[in-house]
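Me: I would like to go through this structure and ask what stands behind the terms used for it.

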Amino acid sequence: MFQSSVFDYVNVLDKAADASWLRNEAISNNLSNADTPGYKRQDVAFESVLKRALGSSQYRTMDAKVASLRGKSLEPALYRDHADYSYRLDKNNVDVDTEGVMLAENQLKYQGLMLGIQHEFTNLQTVMK
């Protein structure tokens, strides 16, 4: 991770992209185990971690909030959904249709994050010229 304030947004976007990549792997595991009896779906918690790290102060600018993240850990957390909810007799709670929608959503989010990172570096190149 870079330690200059110039890269504050890039660092946050990088962590979000890592979380999105991890979520993609979790969804792939869910789809692979859709027929495994007793399997419980996995997901990644990152948005809640980021929201908590940014805080809820309405009197600070977003720049100040993002700058305060420097040095804080924004690690995505992989978790297993242990809810008793299962519409199947084998206690597997993976719904292939829902996972497919989540996969498409996550891929769009990842592409958006990559474009955001690219945009930030384009801005830095423009400033350096």
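Me: Where does Lys-40 lie?

Reply: This is a predicted model, in which local features need pLDDT of at least 70 and side-chain atom pairs count only at pLDDT 80 or more, while totals for chains, interfaces and linings use all residues. Residues are numbered from 1 along each chain as its sequence is written, and side-chain values use heavy atoms, with hydrogens and water left out. Lys-40 lies in the loop between α1 and β1 (42–45), where helices (H or I, at least four residues) and strands (E, at least two) are DSSP runs numbered from the N terminus.

Me: Why is Lys-40 called buried?

Reply: Lys-40 has a relative accessible area of 15%, and buried means under 20% (exposed is over 50%, partly exposed in between, with a 1.4 Å probe and protein chains only); Lys-40 is therefore buried.

Me: What makes the pair formed by Lys-40 and the backbone oxygen of Lys-91 a polar contact?

Reply: A polar atom of the Lys-40 side chain lies 2.7 Å from that oxygen of Lys-91, and a polar contact is a pair of N or O atoms within 3.5 Å, one able to donate a hydrogen and the other to accept it (residues adjacent in sequence count only if both atoms are side-chain atoms).

Me: Which residues does Val-12 touch?

Reply: Leaving aside residues up to four places away in sequence, Val-12 touches Leu-50, Val-66, Leu-69 and Leu-74, contact meaning heavy atoms within 4.5 Å.

Me: Which element gives the most to the lining of the largest pocket?

Reply: That element is α1, with seven residues.
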